[in-house]
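Please read it with the model open.

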Amino acid sequence: VYVGGQFTTIGGVTRNRIAAVDATSGVVSGWDPNANLTVRALVVSGSTVYAGGDFSTIGGASRRHIAALSATTGLATAWNPDLDGSGAYALAVSGSTVYVGGAFVTVGGTTTRNSIAAIDAGTGLRPARRQVRDVRGLRRNPTDHANRTVEPLILLEVREDLEHPRRLTGHRKDRPRRQTHQ
């Protein structure tokens with residue numbers, strides 16, 4: 001279990017604001033990214049732990065408010081979106097995109113994204129033309145600006161097979177056609 005917050009010890013072990021704890025035994029692992037300020041959001045994708053918060057250093061590297069950490073070593077990866085502002089407070093991952101909410105204006109030092117952004121998990125930059133459908137099926141750009149801090153962030157996905165869309169009318173292959181008598 002990965003844990004973030006304001007703590008400086010957990011389970012009697014020194015861990016500055018981020019730690020990994022065995023879910024069964026409660027023993028704190030050797031994983032120690034050592035954040036200098038509060039860790040407010042965590043999400044795991046494969047062998048990467050994404051952290052968001054108020055920090056400016058984590059995993060042995062300078063990272064403003066958001067970082068990708070090795071789930072094995074706790075060291076920061078090369079991924080560095082470099083958020084300005086007060087911090088990253090919400091994270092979600094879908095495929096190769098990391099979604100972040102918080103109190104910031106720019107991503108990568110230049111791209112304006114007021115408090116909400118979609119970031120490529122590989123490059124740390126804004127992904128090329130990314131759109132998500134909301135529950136009503138309307139297209140929304142997740143990098144539209146929010147006028148205040150974004151804290152909770154839940155990603156809902158509607159998957160579509162664009163190469164083989166389902167037909168809403170007509171006959172399906174697995175359903176027999178009605179016979180007509182002559």
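1. The model is predicted, not experimental in origin, and every value here is computed from it.

2. The count of aromatic pairs comes to 2. One of them joins Y2 and W31 in an edge-to-face arrangement, with 4.8 Å from centre to centre and 70° between the planes. Y2 belongs to strand β1 (residues 2-4), while W31 sits in the loop between β4 (18-20) and β5 (39-45), so this contact ties together parts that are 29 residues apart in sequence.

3. W31, at 4%, counts as buried, since the cut-off for buried is under 20%.

4. Y50 and W79 also form an edge-to-face pair, with centres 5.0 Å apart and 75° between the planes. Y50 is part of strand β6 (residues 48-53), and W79 is in the loop between β9 (66-70) and β10 (87-94), so parts 29 residues apart in sequence are tied together by this pair. Both Y50 and W79 are buried.

5. How many bridges link β10 to strand β11? The two strands, β11 being residues 97-103, pair over 7 bridges in the antiparallel sense. Within this pairing, G87 stands opposite A103 of β11. The hairpin of β10 and β11 has 2 residues between the strands, and G95 takes a positive phi near 60° there.

Technical notes. Residues numbered from 1 in each chain as written. Predicted model: local features only at pLDDT ≥ 70, side-chain atom pairs only at ≥ 80, totals over all residues. Heavy atoms only, no water. Phe/Tyr/Trp six-rings, centres within 6.5 Å; stacked < 30°, edge-to-face > 60°. Helix = DSSP H or I, 4+ residues; strand = E, 2+ residues; numbered from the N terminus. Buried < 20%, exposed > 50% of the residue type's maximum accessible area, 1.4 Å probe, protein only. Pairing = 2+ DSSP bridges.
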